[in-house]
Amino acid sequence: MKISNMHHTLSEYEIMPSVVKTKVSTRIEIKSLGIETAFEKGHEYIIRFLPQERINTAVTLCIGDGTGYDEVTAVSEDGKTLNFEYLFKYEGIYTVRILKEPGDRSKMVADLRIFAAEEDLWGRIPMRGNTHCHVCPSVDGHEDPAVAASVYRKAGFDYLAITDHHKIDGSLIAIDSFKDIPNGFALYKGEEVHVPNAYIHAVNVGADFGGIGLDAWYHAHKEESDAEVEELAKGLKDLPDGVEPLDLAWRIWIADKIHSHGGIAIIAHPFWEYDAHNTRNAMFEYLAKNKIFDAVEVCGGQEVGSMEANMQVAFWNDLRAKGIFIPVVGCDDAHRRYYNWDYDSSFNKVYTIVFSESRDFDDWKSAVKDGYTVAVDDYDDVTPFVHGTYRFVRYAIFLLSRYYPLHDELCFEEGRLMKEAYLGDEDALEMLKLIHDRVDKFNDRFFGR
């Protein structure tokens, strides 16, 4: 994450928790971060609550005396903190306005923000990560899998699935490399699947076929697999124009194999252009409508200036208008992390936020399948564009400006030490033993858990 996304108030005040549960009275502490923003010791401040979706600018301008808004008072006993309790009724973003005296904005000390979440969302961890990238075991990938993983953690990622072409080797190497190194980074098994040949691109996250990927398993069972698919194709009747039985049968077979081995199946970059789209529009719609795959990459891996992601997002929105929903993910599809060239300009610029009950893969998988995701692209390094349903987009936008800048500072040091420890630095290993749970501790405070 880039420092430009950090809201200026984060350097002036700390408000904890910043995400609260609705309909439950919560104790809040606001702490000044330095002498410039110190409170007056013994003074009674007014705390006003403005639910952003239940007021509008005209009302705010007209009601200068606070009529119509909830208020509490808090005395700063030490000149550093204000403590108070409040029950947030509605889900959404609240402006928390600190006033030194009754009156309008001229008496305002600061405007801070809190997000109030319903219980199903409040109890989840926002996990920013990537489900599609390549390292040196890929024919076109670069970098040691463990080194690449540490770079993602350094960039503020919470999870990663390395998905090399035709194999899960890279993901297994990364997982094994860090099994004895303390860290808070979730590494999942992954593979970019290309069976029966390269024109089908599908992402497998989590499925393990006895230490090998689906591609390798297919080639070890080619004759019986081909027969299964041909038989499946014979039973596919009355298909929409543009959906061919054998093509569809292969995609169903791929998804079913991934599911039967504990993973999730993701449609990879459907509008990636190589003479034509990677996945026909009719096929994309059929797979989504019939819930054959678990998610789709609506933005991922496109070069700067490419418009493919725009079409994928627009097509996804059109599907929703038809009553068809498939969860979204974003990924960088990076083949390098340290050197940008046209094909690899997306590292740390495209990702998914998954709202999961824990970092455990089964919880993460359930969150994706249940649609608790948003896809984010930030190609200009200034304005992230968040794609998904309004409820989760609204929450993610709050987190991108109020949570992730603080979270990412902790991840940076952890990721740096992970790389050094992997490369044999004993001091780095000892330091990780001390700091590897700092993100978890920060989350407990930020979300009031």
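What follows is a short chat about helix packing, cysteines and one loop tyrosine in a predicted model.

Student: Before we start, what are the ground rules here?
Tutor: Residues are numbered from 1 along each chain as its sequence is written, and side-chain values use heavy atoms, with hydrogens and water left out. The model is predicted, so local features need pLDDT of at least 70 and side-chain atom pairs count only at pLDDT 80 or more, while totals for chains, interfaces and linings use all residues.

Student: How are α12 and α14 oriented, roughly parallel or roughly antiparallel?
Tutor: Helices here are DSSP runs of H or I with at least four residues, strands are E runs of at least two, and both are numbered from the N terminus. The axes (lines fitted to C-alpha atoms over the stretch in contact, with angles from 0 to 180 degrees between N-to-C directions) of α12 (residues 404-422) and α14 (residues 438-446) come within 9 Å and cross at roughly 170°. Angles under 35 degrees count as roughly parallel, over 145 as roughly antiparallel, 65 to 115 as roughly perpendicular and the rest as oblique. Therefore α12 is, relative to α14, roughly antiparallel.

Student: Which residues of α14 does α12 meet?
Tutor: Contact means heavy atoms within 4.5 Å. From α12, Leu406, His407, Leu410, Cys411 and Glu414 take part, and on the α14 side they meet Arg438, Val439 and Phe442.

Student: And how do α3 and α4 sit, roughly parallel or roughly perpendicular?
Tutor: The axes of α3 (residues 145-154) and α4 (residues 169-177) come within 8 Å, crossing at roughly 75°. So α3 is, relative to α4, roughly perpendicular.

Student: Is Cys133 buried or exposed?
Tutor: Buried means under 20% relative accessible area, exposed over 50%, and partly exposed in between (1.4 Å probe, protein chains only). Cys133 has 1% relative accessibility, so Cys133 counts as buried.

Student: Where is Tyr338 found?
Tutor: Tyr338 counts as exposed, at 51% relative accessibility. As for its place in the chain, Tyr338 is in the loop between β18 (328-331) and β19 (350-356).

Student: What does Tyr338 touch, leaving out residues up to four places away in sequence?
Tutor: Glu143 is 195 residues from Tyr338 in sequence, yet their C-alpha atoms are 8.9 Å apart in space. Not counting residues up to four places away, Tyr338 touches Glu143, Val147, Val151 and Lys419.
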